[in-house]
Amino acid sequence: MGLIVSLVIGGVVGWLASILMKTNAQMGIIANIVVGIVGAALGAWLAGALGIVAVGSVGAWIISIIGAAILIAILKALNIYK
């Protein structure tokens, strides 16, 4: 059950980040899930490195979406997404 919840939340985070970065038309559900999960981990790592603490679930969602958006920006810089 935990894996399914992680995939759904990763998909939602990746989808919201792709809307934010205007790459929603190029990304499918698998890309949204991967970007959401990897981006959430990246966001949590960056927040910890900068000393930012997520307060509550809303703070964790915001950090996850920002991390996924940063990941999309990195992928766009590498010309993986146009």
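Met 21 counts as partly exposed at 21% relative accessibility, a label for values between buried (under 20% relative accessible area) and exposed (over 50%), using a 1.4 Å probe and protein chains only. Met 21 sits in the loop between α1 and α2; helices here are DSSP runs (H or I, at least four residues; for strands, E and at least two), numbered from the N terminus. This is a predicted model, where local features need pLDDT of at least 70, side-chain atom pairs count only at pLDDT 80 or more, and totals for chains, interfaces and linings use all residues. Residues are numbered from 1 along each chain as its sequence is written, and side-chain values use heavy atoms, with hydrogens and water left out.

**The α1–α2 loop**
- Met 21 and Ile 72 are 51 residues apart in sequence, yet their C-alpha atoms are 7.2 Å apart in space.
- Lys 22 is in the loop between α1 and α2 too, and with 71% relative accessibility it counts as exposed.
- Most residues other than glycine have a negative phi.
- Lys 22 has a positive phi, near 60 degrees, and is not a glycine.

**The nonpolar patch**
- Ile 4, Val 5, Val 8, Ile 9, Val 12, Trp 15, Leu 16, Ile 19 and Trp 61 make up a nonpolar surface patch with about 740 Å² of accessible area together.
- Patch members need over 30% relative accessible area and no salt bridge, and nonpolar side chains (Val, Leu, Ile, Met, Phe, Trp, Tyr) are joined within 5 Å, like charges within 9 Å.
- A salt bridge puts a side-chain nitrogen of Lys or Arg within 4 Å of a carboxyl oxygen of Asp or Glu.
- Helix α1 gives the most to this patch, with 8 residues.
- Trp 15 lies in α1 and is partly exposed at 40% relative accessibility.
- Trp 15 and Ala 68 are 53 residues apart along the chain, with 9.3 Å between their C-alpha atoms.
- Ile 19, also placed in α1, is partly exposed with a relative accessible area of 39%.

**The largest pocket**
- The largest pocket holds about 170 Å³ of space.
- A pocket is an open set of points on a 1 Å grid where a 1.4 Å probe fits, with protein on both sides within 12 Å along at least five of seven lines; lining residues have an atom within 4 Å of a point.
- α1 (2-20), α2 (29-50) and α3 (56-77) each supply at least two lining residues.
- The lining includes Ser 6, Gly 36 and Trp 61.

Key:
Grid points are joined across faces, edges and corners, and a volume is the space filled by probe spheres set on the points. Accessible areas come from the Shrake-Rupley method with a 1.4 Å probe; for residues, only the protein chains shown count as cover.
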